[in-house]
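Subject: Handing over a structure, with notes on what is in it

Dear colleague,

I am passing a structure on to you, and I would be glad if you opened it before reading further. My notes on what was found in it follow directly below.

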Amino acid sequence: MPSPRPLRADARRNREALLSAAREAFLAGDTDAHVEEIARSAGVAVGTLYRHFETREALIEEVYRKEVDDLCAAPEQLLEHHAPAEALRRFLLLLVDHAAVGKGMSVALESIMASDSPVFGVARTHMGDALTRLLDAGAAAGTVRGDVTGPTLLRALGGICAMRVSDGWLDEARQITNLLLDGLRHGVPRAT
């Protein structure tokens, strides 16, 4: 099957504007934002939106996928600028913040949760792989345990982020994440 032709520059700008407008609407809690409103916010006609996204659910899915792709690009940059344990700490906190963003998008995401969309499974795999890269770097540096996998750590973090129902959950989630990091350092031989 031939690969799709690359988008022209104007079409690429329109697509990015649509994704940005949709993301802002969903994060602002406007979960019922109609495609017409999103198109208007992006400065394009509704037909342009439908040329890029066949359905509202396809738009929501792509907004979420882009959020995850941006998030999962962070480990490489973090490892360039920080020691592995600090890069891991920062990425875990980014994941907690991602859960906070997800709270704003949760109602919009419900429409694709009910479908057979693979977007959430793919997202979990990408996040688990990103955590594995950071854990491997930390284990190689001798600063975190080497017996924990990225998917396992993601499940632990998912439990922390599942408590989003209460006020002040974000501060508490960050504090518990720091405790989780302490556990990842437990058992690592101390330098003398």
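Leaving aside residues up to four places away in sequence, L79 touches P84, A87, L134 and A137, where contact means that heavy atoms lie within 4.5 Å. L79 is found in helix α5, and because its relative accessibility is 25%, L79 counts as partly exposed; the terms used here are buried for under 20% relative accessible area, exposed for over 50%, and partly exposed for what is in between, with a 1.4 Å probe and protein chains only.

Before you go further, please keep in mind that this is a predicted model, in which local features need a pLDDT of at least 70 and side-chain atom pairs count only at pLDDT 80 or more, while totals for chains, interfaces and linings use all residues. Residues are numbered from 1 along each chain as its sequence is written, and side-chain values use heavy atoms, with hydrogens and water left out.

As for the whole protein, it has nine helices and zero strands, the helices being DSSP runs of H or I with at least four residues, the strands runs of E with at least two, and both numbered from the N terminus. Of its 192 residues, 38% count as buried. Among the contacts with a separation of 6 or more, 69% are accounted for by residues 24 or more positions apart.

Now to helix α5 itself, which covers residues 74-81 and has A74, P75 and L78 as its buried residues. Seen down the axis of α5, these fall within an arc of 95°, so they line one face of the helix; the arc is that of the directions from the helix axis to the C-beta atoms. The face turned away from that buried side carries the exposed residues Q77 and E80.

How do α5 and helix α7 pack, and at what angle? Helix α7 spans residues 119-141, and the two helices pack at an angle of about 20° with their axes 9 Å apart, the axes being lines fitted to C-alpha atoms, for helices over the stretch in contact, and the angles running from 0 to 180 degrees between N-to-C directions. That makes α5 roughly parallel to α7, since angles under 35 degrees count as roughly parallel, over 145 as roughly antiparallel, 65 to 115 as roughly perpendicular and the rest as oblique. The contact is made by P75, E76 and L79 of α5 together with A130, R133, L134 and A137 of α7. These residues divide into five nonpolar, no polar and two charged, where Ala, Val, Leu, Ile, Met, Phe, Trp, Tyr, Cys and Pro count as nonpolar, Asp, Glu, Lys and Arg as charged, and the others, Gly among them, as polar.

Helix α7 also meets α4, and the axes of these two come within 10 Å and cross at roughly 5°, which makes α4 roughly parallel to α7. Residues making this contact include Y64, V68 and C72 of α4 and F120, M127 and A130 of α7. By class, the contact has nine nonpolar, one polar and four charged residues. Elsewhere in α7 lies L135, which is buried, with a relative accessible area of 3%. Among the residues that L135 touches, again not counting those up to four places away in sequence, are L88, V144, G150 and L184. The C-alpha atoms of L135 and G150, 15 residues apart along the chain, are separated by 7.0 Å.

Finally, helix α1 (residues 9-27) and helix α4 (residues 56-72) pack at an angle of about 90°, with their axes 10 Å apart, and α1 and α4 are therefore roughly perpendicular to each other. The contact of α1 with α4 has seven nonpolar, no polar and seven charged residues. In helix α2 (residues 35-42), the buried residues are V35, I38, A39 and A42, and these pack against α1, α3 and α4, whereas R40 and S41 are exposed on the other side of α2.
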